[in-house]
Amino acid sequence: MEKGEALDFLAFGRRWLTWLKPDDVEPPLRSLTWRVRLALGAVFLFSLMVTASIQFSQFGLVGADGHYHVRLAKIVSEQGPLDGFEWTQTSINRDRFMDKEFLFHVLLIPFLGDDLRTGPKILTALLAALLMTLLAWIAWRQGMPLFWLAALLLLAAGTHFNFRMALTRPHLLSVLLAVGTAYLLLRRHGWGLLLIATLFPLCYTAFHLLPLLAVIYGVARLLHGKRFAWRELALVLVGTGLGLLLHPNRANIAYHWYLVNVEVMANAWRLAPLMGVEFIAPSGRVLVWDCGLLLFGTMGAMLLTMLSGVKSSLRTTFFLLLSLGFLVMFLSITRLVEYWVPFTSLFLLSTAGDWRDAGHGLGRWLRDYGRLASAILVGFGLLVSLMSLRGLVLTQQKVAEEKVTGRIPTYEAGGRFLARRVPAREQVFTCGWDTFVFLFYYAPQAHYLVHLDPTFMLAYDVNLFDLWLRIGRGQQADAFERIRNDFKARWIFIEHQPSYADFLAQARRSTRLVQVFEGPQSSVFVFNPFHGVVQLAMRECLRFGLLPQFALTSETVRY
């Protein structure tokens, strides 16, 4: 290809990416005047104050998984992208690791600081505030009324949603990118779609989400008598492909995509007692008490629109399809509330814009119905304000009491003990998979079994997985021999959970083990290196520190 032909080809590609049909883009963008900029700035400051007040309602990181992401970000900052994950020896991640949230971990690095706590909490508050501001900005640019109401609607979504927004987890970034993609689809912005679609596979394992959004946008266009958005879908697919190629663990992407999106979901029923609460369906209390305003608001908006005969705009149809789609998924898996709430908020604001454009605006409503309309308006304003205040206060309370009440055990004392006593790359046997995030955070020099999901051990070795379950439940007669031989572990970390009470009792009775730590949430045992007729005596000497030269430990630490 000659130079002129190459330049013509590049010019054609650029025109294809930036070409927009004016008659296919609705409504026209509203300009950002200085007053609007000040209003959006006020929304951001308000949102940041709210998210920071929630985030700093407790001293440590909120939730559990944030500990893993912060520690992994620290390791990535020191070692670069990882090819394998040596910290889990009985997991497929040991040899076929994929950093599903690589971009989020890179974003965390400048915020780590020395304590691995304050900076990540600040970043979490910033991302949550940016989401509130982004919704308000989209509402204004798309011509929706009461754009500032977007932040209050998120707060009014209840404690379940706002607590998840306080977690230092990559869904904060993926939700921002998904909402941004929805806006760019409405604007048919070629370069923006290509850029976000390229970034998305680097921060979220469900990289099929953005092509799905593009398909839903195309369906919305068909419902309005327009052509399917083939160009936008192609751009998103091209960007997704580029992102997959740029991923440092691209060789393992297909396998992990199948595990996370197929195997994990399939095993959510089989392994229900082991899975986190985010994989179960929401309770009626969550739906009505937490999400009732948005849920019943959506139903009311749909009903009133049909009864009034107001024609929905393309953007309203698009947001409605997204809201209903994520609602179906939310009703199956409670964690997907983080996607349902933002798109539902945009649907409600967009519906209000349709009513205004159809002549059913606030001014006419007040003029036609007088005092009744004023009373309803004041009542609605009070309801949203009270629900927002309630969401803020209850979320602050939930975050503040999380670690105090022990609802989520952090195993901090046990983890710090392992950090002091366990040699580097020494194998530690744990009974639960969710313990890893805390031990990895406090004692990253040791090796453990599995992390993030038990499916990763199930995929590694089914027989070993079943053996691990039986040992933890106290159902394996030769448990300690199997731990030593099959799991290659000398250290045993037992969580003080009812499920592991029988195994803990076995460990305390065994002459093969020495209990070297006991705390309110966990106990630590180490295999006794002495055998034969002096086994019991040497065990007691080791317990009471009469053998200080022994490298492993010299006393039982109690908290």
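1. The structure contains zero disulfides, a disulfide being a pair of cysteine sulfur atoms within 2.5 Å. Cysteine 203 has a relative accessible area of 0% and is therefore buried, and cysteine 431 counts as buried at 4% relative accessibility. Buried here means under 20% relative accessible area, exposed over 50%, and partly exposed in between, computed with a 1.4 Å probe on protein chains only.

2. Basis of the values. This is a predicted model, in which local features need pLDDT of at least 70 and side-chain atom pairs count only at pLDDT 80 or more, while totals for chains, interfaces and linings use all residues. Residues are numbered from 1 along each chain as its sequence is written, and side-chain values use heavy atoms, with hydrogens and water left out.

3. Overall composition. The protein chain has 24 helices and five strands; helices (H or I, at least four residues) and strands (E, at least two) are DSSP runs numbered from the N terminus. Of its 559 residues, 55% count as buried. Among contacts in the protein chain with a separation of 6 or more, 75% come from residues 24 or more positions apart, where contact means heavy atoms within 4.5 Å.

4. Aromatic pairs. Rings of Phe, Tyr and Trp (its six-membered ring) pair if their centres lie within 6.5 Å; planes under 30 degrees apart count as stacked, over 60 as edge-to-face and the rest as tilted. The count by this rule is 29 aromatic pairs. One of them joins phenylalanine 200 and tyrosine 204, with ring centres 5.6 Å apart and planes at 75 degrees, so this pair is edge-to-face. Phenylalanine 200 and tyrosine 204 are both buried. The pair of tyrosine 411 and phenylalanine 438 is also edge-to-face, because the planes stand at 65 degrees, with the centres 6.2 Å apart. This second pair links distant parts of the chain, 27 residues apart: tyrosine 411 lies in the loop between helix 17 (362-404) and helix 18 (412-421), and phenylalanine 438 in helix 19 (residues 436-442). Both tyrosine 411 and phenylalanine 438 are buried. Separately, Tyr68, Phe85, Trp87, Phe97, Phe436, Phe440 and Tyr448 make up one aromatic cluster.

5. Charges over rings. A charge sits over a ring if NZ of Lys or CZ of Arg is within 6 Å of the ring centre and within 35 degrees of the ring normal. The charged end of arginine 390 sits over the ring of tryptophan 289, 4.1 Å from its centre. For lysine 121, the charged end is over the ring of phenylalanine 56, at 5.2 Å from the centre.

6. Tyrosine 411 is not a glycine, yet has a positive phi of about 55 degrees; with 5% relative accessibility, tyrosine 411 counts as buried. Arginine 188, in the loop between helix 8 (171-187) and helix 9 (190-199), likewise has a positive phi, near 55 degrees. The relative accessible area of arginine 188 is 8%, so this residue is buried.

7. Helix 21. In helix 21 (residues 462-472), the buried residues include Leu464, Phe465, Trp468 and Ile471. The buried residues of this helix pack against strand 1 (428-430), helix 20 (455-460), helix 22 (479-485) and helix 23 (501-509). Glycine 474, which follows helix 21, has a positive phi near 75 degrees.

8. Strands 3 and 4. Strand 3 (residues 513-518) is mostly covered, with five of its six residues buried. Five bridges join strand 3 to strand 4 (residues 522-527), and the two run antiparallel; strands pair if DSSP finds at least two bridges between them. A hairpin of three residues connects strand 3 to strand 4. Phenylalanine 517 has valine 524 as its bridge partner in strand 4. Valine 514, placed in strand 3, counts as buried at 1% relative accessibility. Valine 514 and valine 526 are twelve residues apart in sequence but 5.3 Å apart in space, C-alpha to C-alpha.

9. Threonine 344. This residue is found in helix 16 (residues 337-357) and is buried, with a relative accessible area of 0%. Not counting residues up to four places away in sequence, threonine 344 touches Leu294, Thr298 and Ser323. The side chain of threonine 344 makes a polar contact with the side chain of serine 323 at 2.8 Å. A polar contact is a pair of N or O atoms within 3.5 Å; within protein, one must be able to donate a hydrogen and the other to accept it, and residues adjacent in sequence count only if both atoms are side-chain atoms.
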